Amino acid sequence: RLRIARQMITESVLLALMGGALGTVLAFWGVDFLVAVSGDNLPPTAQLKIDATVLAFTLGISVLTGVLFGFAPALRTMRVNLSTSLKEGGRSVGETAQRNLTRSILIVAESAVAVILLIGAGLLVRSLIKLQHTSPGFDSKNVLTMRLDLPDLKYPSEEKTTSFFQQLETRIGGLPGVESTGMITELPLSGQPNDIPYYVEGRPPESQSLGGDFRFVNAQYFQSLRIALLRGPIFTDAEVLRSDKVIIISELLAKEAFPNEDPLGHRLAMGMGDLGFFEIIGVVGDIRHRELESEPLPAMYMPSFKRSWMNIVIRAQGDPSYLAAAVRKEVKAIDPDQPVASVKPMDEWLAISVSSHRYRTLLLALFALIALILASTGIYGVMAYSVTQRTHEIGVRMALGARRFDVLKLVVQQGMLLVDIGLVLGILGAVALTRVM
């Protein structure tokens, strides 16, 4: 008995080690694939690699799996009644029922887990599709963006900074195919937040707890991104050059600070009032500035070229990519030493904004697919073994007149009953999973 049990455990461990070895080979490919599709979704310090620790874990888990799943049949073998087993058809009803119950539980569990993962992946895919169709509040088509950071030593005064960006606006606007040239200090969806508290003039500051995103723009910014102008005019070129104390607010800020009155003509104090008071001259539509899956925040726009950094937003008549070289040339014409960074279409910023969601969806979809393959393989293996064990019974049924179709129907019905139970349990588990998600 001990030798037979040892043989069963040995065979089980060998199978588990072979599976672990094959899984390790697949993992090498899988890690390369995950790194390739991760983009910027992995932290800079994260290093996905197969090292000695991973290999030791794989070896240990493989051996443990082989021992555990080999020990159960080995233990059953050591308890078998030899005289009963040697008789033809000598399995006891209780023993057969116990084996069938174990196999049934395996089929149900595999089906339930696969259903849970598949539903979770399906929900994330649907969420991703809805997210990709979410309007950011502006038109990203045919828009090229780039960032310029002017060095303080070379541009120590606001006059020099203003002169540089004014020249650049004029030069880019004269390029063939350019409809408008917008500029903004913090570009939407680029991970450049800049929020600041404010209060409304004429109200006690201590009674107000207001805040919003704070940006400097030029006169053509709203036109370049086609942000809806709801009330009032946009900035003039003169207001931008003088950095006038005027402001355009978003619709959400208008509702927050002036729920029952016209915001035009009111003045806002930025911060603790150290930046002065800005008169509201217009209201524009809300945009999703930080990421596509987050709600819009209150926003304020001021006219100015005086900041030493600006994101250029160029609307082209067609594909904007061809403008990159021409714009770089215009920058060099003003300052040969000035670098240009983050040159990419606005559509790419949109794609980056949902990349982490897309990555999570891809991972769960892959896990769900693997679970489905494992469940299908496991169901096939268990059912095939079950049919093999019932060869004598099937022979008796056919001898008594059962057709091949009748036998096939019997096996499929019994198998599908277990799968259906797994589906029900999987749906119930998925309901709990969706609440967590």
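**Overall picture**

Tutor: One thing to start with: of the contacts in the protein with a separation of 6 or more, 79% are between residues 24 or more positions apart. Keep in mind that this is a predicted model.

Student: Okay. How many helices and strands are there in the protein?
Tutor: The protein has 13 helices and eleven strands.

Student: And is it a compact globule or more spread out?
Tutor: More spread out: the radius of gyration is 34 Å, while the globule rule gives 22 Å for 437 residues, so the protein is more spread out than a compact globule.

Student: What does the C-alpha trace span along its principal axes?
Tutor: About 105 × 50 × 45 Å.

Student: What share of the residues is buried?
Tutor: Buried residues are 38% of the 437 in the protein.

Student: Switching topic: at what angle do α1 and α11 cross?
Tutor: Helix α1 covers residues 2-38 and helix α11 covers residues 355-389; their axes come within 10 Å and cross at roughly 155 degrees. That makes α1 roughly antiparallel to α11, because an angle over 145 degrees counts that way.

Student: Is that crossing left-handed or right-handed?
Tutor: The crossing of α1 and α11 is right-handed.

Student: Which residues make the contact?
Tutor: From α1 you have Phe 33, Leu 34, Val 37 and Ser 38, and from α11 there are Tyr 359, Leu 362, Leu 363 and Leu 366.

Student: How many of those are nonpolar, polar or charged?
Tutor: Where α1 meets α11, seven are nonpolar, one is polar and none is charged.

Notes: Residues numbered from 1 in each chain as written. Predicted model: local features only at pLDDT ≥ 70, side-chain atom pairs only at ≥ 80, totals over all residues. Heavy atoms only, no water. Axes fitted to C-alpha atoms, helices over the stretch in contact; angles between N-to-C directions. Helix = DSSP H or I, 4+ residues; strand = E, 2+ residues; numbered from the N terminus. Parallel < 35°, antiparallel > 145°, perpendicular 65-115°, else oblique. Left-handed = near helix turned anticlockwise from the far one by under 90°. Contact = heavy atoms within 4.5 Å. Nonpolar A, V, L, I, M, F, W, Y, C, P; charged D, E, K, R; others polar. Rg over C-alpha atoms; globule rule 2.2 N^0.38 Å. Buried < 20%, exposed > 50% of the residue type's maximum accessible area, 1.4 Å probe, protein only.
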